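User: Could you take a close look at one part of this model for me, the sheet, and then tell me how the rest of the chain sits around it?

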Amino acid sequence: DPTRSPGAAEVCDGVDQDCDDAIDEGVSVVAFPDGDGDGYGTGEGTRVCGALPDGSADQGGDCDDTNPD
C-alpha cells in the first residue's frame, strides 16, 4: 500500500499510515458518553474523528453520570 510508510501522515480512517502500531493518533479522540455534562464520561469510549460529539467527554471514569458534581 503506497499510502503506508514510516513518516506518512495519519488520516482518521482506522488504518496505521505511519507504521508505528498506533491507529489514528493525533487525528482522533476517544469520546465517552457524558450524561450529566461534568466533563467525565462513563462506559466504553468510542474513537471519533474531529471534535467531540455533543453529550460526550474525552475523559472516562465518572462514577455517577446523573450527578454533575
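Analyst: Ser-28 stands opposite Cys-49 in β2. That pair belongs to the contact between β1 and β2, which run antiparallel over 4 bridges; two strands count as paired if DSSP finds at least two bridges between them. A quick caveat before going on: this is a predicted model, where local features need pLDDT of at least 70, side-chain atom pairs count only at pLDDT 80 or more, and totals for chains, interfaces and linings use all residues. Residues are numbered from 1 along each chain as its sequence is written, and side-chain values use heavy atoms, with hydrogens and water left out.

Now over to β3. β1 pairs with β3 too, again in the antiparallel sense, over 2 bridges. Put together, you get an open sheet of 3 strands in the order β2-β1-β3, with antiparallel pairing. β2 (46–49) and β3 (56–57) sit at the edges with a single partner strand each, so one side of each has no neighbour in the sheet. As for what holds such things together, strands of a sheet pair through backbone hydrogen bonds, either parallel or antiparallel.

Those strands are what the chain has by way of elements: 0 helices and 3 strands, running β-β-β from the N terminus on. Helices here are DSSP runs of H or I with at least four residues, and strands are runs of E with at least two, numbered from the N terminus.

Ahead of β1 (28–33) there's a segment that holds Asp-18. Asp-18 is buried yet has no salt bridge, and the nearest side chain of opposite charge, Arg-4, is 8.1 Å away. Buried means under 20% relative accessible area, exposed over 50%, and partly exposed in between (1.4 Å probe, protein chains only). A salt bridge needs a side-chain nitrogen of Lys or Arg within 4 Å of a carboxyl oxygen of Asp or Glu; Lys and Arg count as positive, Asp and Glu as negative, and His and the chain ends aren't counted. Leaving aside neighbours within four places in sequence, Asp-18 is in contact (heavy atoms within 4.5 Å) with residues including Ser-5, Pro-6, Glu-10 and Glu-25.

Zooming out, 25% of the 69 residues of the protein chain count as buried. The C-alpha trace spans about 50 × 20 × 15 Å along its principal axes.
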